[in-house]
Amino acid sequence: MADVTMPRLSDTMEEGKILRWLKRAGERVEAGELLVEVETDKADMEVESSASGVVKELRLAEGETAAVGTVIAVIEAGGTGGGAPAGNGAPVETSPGVMPAAKAATVAAAPAPREASSSPKAASKPTPSPATTAPKAEPRASVRPRTSPSAPSAATSARPAATHNGEVKASPLARSLAEELGIDLATIRGTGPAGRITRRDVEDAQQRAGGRASDAATSTVAAGDGHADDAAARRGETGHKSPRAGASEPARTPSPSADEPGAPAADGIRRVPLTKMRASIAKRMSDSKREAPHFYLTTVVDMDEAVRLRAQLKSLGVEPAVTYNHMVLKACADALAHFPEINARFAGDAIELLEAVNLGIATAVDDGLLVPVLSGADRLDLLSLAARARALADKAESGGFTSADLSGATFSVSNLGMFDVDSFSAVLNPPQAAILAVGSVKQRPVVRDGALAVGWTMSITLSCDHRVIDGARGGRFLADVKRRLENPAALLLPSGGASE
Amino acid sequence: MSSAALTTGAAGDVLPGAALAGEGIPSRWLGRLAFAPALALQEDLRRRHASVGDVVLLLEHEPVYTTGRGGRPENLGRVAADPAIPFERIGRGGDVTYHGPGQLVGYALVDLRMRDRDVHRFLRQMETGVIWTLQALGVRATRWPGRTGVWVVDRGTGVESVAAEPTDVAHLDDHDMQLGRIRKIASLGVGVRGGVTMHGFALNVALDLAPFAAIVPCGLAGVHMTTVEREAARPVRSVRDVAMLAARHVGRALAWPYPHKAAFGEVSS
């Protein structure tokens with residue numbers, strides 16, 4: 001039995017009037033089907049049911065008004081899939097079409113992870129860092145309640161395909177595959193029509209589940225410097241472990257030496273020989289700090305619009321999924337096209353201004369850090385850039401970088417937001433003259449019009465080589481990046497195409 | 001006029017009417033049109049929205065009374081008295097109103113799913129666009145919180161700006177409205193079908209207000225309707241000229257935050 005309540009069709013809506021019932025008592029209604037027409041202010045909106053079943057009762061007559069949240073109808077579950085009734089009596093909000101993230105959250109709040117008992121080890125497994133920027137990496141065998149409200153879209157993403165009466169919509173192929181792999185369909189978000197789970201959804205879920213253990217290990221190793229969120233997110237999706245292995249195998253110890261060869265610790269010291277990569281990092285970072293006089297500029301970006309845009313893209317099912325880091329990369333690329341003196345390097349007796357905008361994306365890998373390069377970034381629109389960045393992150397996972405992938409960057413971005421780092425300063429990656437360090441996107445107190453409010457913010461810090469860049473120039477560039485992120489809709493356009 | 005406006009143009013031009021130069025959401029000028037064909041046109045564009053995209057239709061109607069689905073019978077007054085003016089009950093919000101020559105009607109077919117599905121915000125944006133249009137005509141107009149639409153206030157009531165911030169009219173009440181201290185110059189009413197908005201606003205430019213006397217406009221007893229012609233310091237322009245201003249201002253107001261290229265050109269120029 002599901003209560004249908006007066007939906008909130010606007011942030012400012014307090015009550016609504018029933019104009020017309022589109023279903024009568026006794027009629028059957030499917031989730032997504034039009035149920036009622038509601039008037040609020042001077043707008044008349046069709047509203048869809050988010051529950052399937054038989055309309056048991058219409059509590060309000062046409063022409064009557066009720067406050068948002070009031071029960072207006074009752075739907076008796078009677079699913080085609082023979083699912084059990086919900087039994088929790090949770091109110092079901094009618095949904096104006098696609099569920100907004102905020103509403104999806106209420107749906108997602110009823111997890112029933114059957115694995116909790118079948119996979120006892122899962123409980124002792126270290127929890128991966130909150131994946132604010134990688135909501136897709138929802139742990140399959142999670143026994144904790146979903147407690148990451150920081151990213152509104154996470155709720156959308158985590159929305160399982162279960163309807164309110166407990167039935168799960170899935171294709172027969174998806175059902176058999178899920179059974180074979182031991183994945184509970186209730187934990188999978190369906191991307192098919194009306195949230196139906198497809199075979200691909202099950203495959204994706206399997207891959208996500210497989211990659212998590214290595215996530216936890218990598219994160220710790222990588223904490224020395226920046227890496228893009230995509231790496232962690234993609235790693236989760238491209239792991240090769242079976243879900244059973246991923247879920248039940250004990251996670252690797254987060255000590256960097258755990259997997260390393262090395263002499264037993266006789267005196268409490270264990271020597272870990274440098275890998276080639278660590279040696280390279282050590283040399284380059286020392287050179288950088290020794291030769292390039294660094295200075296740092298920090299600003300806080302108002303991310304409300306970016307959060308909204310990302311949620312919109314998400315709710316529209318835009319592929320590839322766009323992360324905040326993609327937006328940062330795009331904003332930097334656009335800004336660099338207008339600030340040649342930042343897209344530059346020190347060359348002993350000259351400053352070289354570089355025509356191409358090639359972005360280095362600091363990316364965590366198993367044993368350290370790589371900076372794959374997204375070349376010609378200023379010519380890409382946001383979605384193309386996201387696709388290219390994802391491809392690079394995939395290569396980071398598979399170790400398939402060629403030297404071309406790793407050379408020629410003119411500017412770098414390092415993002416530690418997924419580790420809940422508020423802000424940090426990055427070391428320049430020579431010979432580049434600047435690098436941007438990106439912190440977490442979170443709701444924080446902000447001052448607006450002289451009053452305290454809550455807003456989504458993100459701190460960004462630009463490290464500059466003072467031989468090339470002076471404070472005022474760096475400041476102007478940083479302000480430009482900030483402005484672009486605060487007006488993120490323009491990021492969807494290719495840099496040159498804005499004026500049409 | 002009407003049948004020509006209904007034919008879709010040359011190959012490649014999937015929209016009816018003539019394009020107007022504007023900002024944000026593109027606008028089309030349809031000329032003068034009876035109510036029924038205009039409604040059919042809206043329905044068509046709504047169904048084809050996925051391929052056609054957001055659009056604002058600007059037009060003048062032949063005389064007609066319309067009311068929303070929730071419009072109250074007691075407000076209809078004598079709509080049946082004049083056989084020359086037909087009456088239609090339609091799928092929009094709001095109560096009874098009158099459309100006729102001399103009034104600019106704007107129908108917005110806009111994807112509300114791209115706008116957080118926030119229908120109130122959409123109404124506020126539309127009001128803002130109408131206020132900007134009026135500003136360009138030299139008419140100071142404002143919102144009046146709780147009474148959707150666009151209003152004009154007497155000097156001396158403390159309202160000295162056309163700012164969309166309506167705080168300075170908050171003290172006015174029904175009594176002020178009945179005395180004509182605050183007058184309605186534009187009415188709004190929208191419907192949302194399949195996530196896409198329909199209907200929109202009606203801005204009185206230079207029309208005969210007499211047909212309003214037969215009804216309780218918008219269900220507001222004692223409301224004074226007014227026109228640009230009455231309120232503007234300058235001579236009023238044709239409805240088509242006002243449409244050209246609306247193409248810019250309403251198009252711009254409705255575009256946010258959807259990334260229409262023209263609307264955001266200044267950001268990444």
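The largest cavity in this predicted model has a volume of about 150 Å³. A cavity here is a set of points, on a 1 Å grid over the protein atoms alone, where a 1.4 Å probe fits but cannot get out; points are joined across faces, edges and corners, and the volume is the space filled by probe spheres set on them. Across the whole structure, the search finds four cavities of 30 Å³ or more.

The largest cavity is lined by 19 residues, of which B:Arg92, B:Thr97, B:His99, B:Gly189 and B:Gly200 are the closest to its centre; a lining residue has an atom within 4 Å of a point. Strands β6 (97-99), β7 (103-109), β9 (182-193) and β10 (196-204) of chain B each supply at least two residues of this lining, and β10(B) gives the most, with four. Strands are DSSP runs of E of at least two residues, and helices are runs of H or I of at least four, numbered from the N terminus. By class, the lining holds eight nonpolar, eight polar and three charged residues, where Ala, Val, Leu, Ile, Met, Phe, Trp, Tyr, Cys and Pro count as nonpolar, Asp, Glu, Lys and Arg as charged, and the others, Gly among them, as polar.

In chain A, helix α10 (residues 324-338) packs against helix α11 (residues 382-398) at an angle of about 115°, with the axes 9 Å apart. Axes are lines fitted to C-alpha atoms over the stretch in contact, and angles run from 0 to 180 degrees between N-to-C directions. With contact meaning heavy atoms within 4.5 Å, A:His326, A:Met327, A:Leu329 and A:Lys330 of α10(A) meet residues of α11(A) including A:Leu385 and A:Arg390. This contact comprises six nonpolar, one polar and two charged residues.

Residues are numbered from 1 along each chain as its sequence is written, and chains are lettered from A and ligands numbered from 1 in the order in which they are written. Local features need pLDDT of at least 70 and side-chain atom pairs count only at pLDDT 80 or more, while totals for chains, interfaces and linings use all residues; side-chain values use heavy atoms, with hydrogens and water left out.

Key. On a 1 Å grid over the protein atoms alone, a cavity is a set of points where a 1.4 Å probe fits but cannot get out, and a pocket is an open set with protein on both sides within 12 Å along at least five of seven lines; lining residues have an atom within 4 Å of a point.
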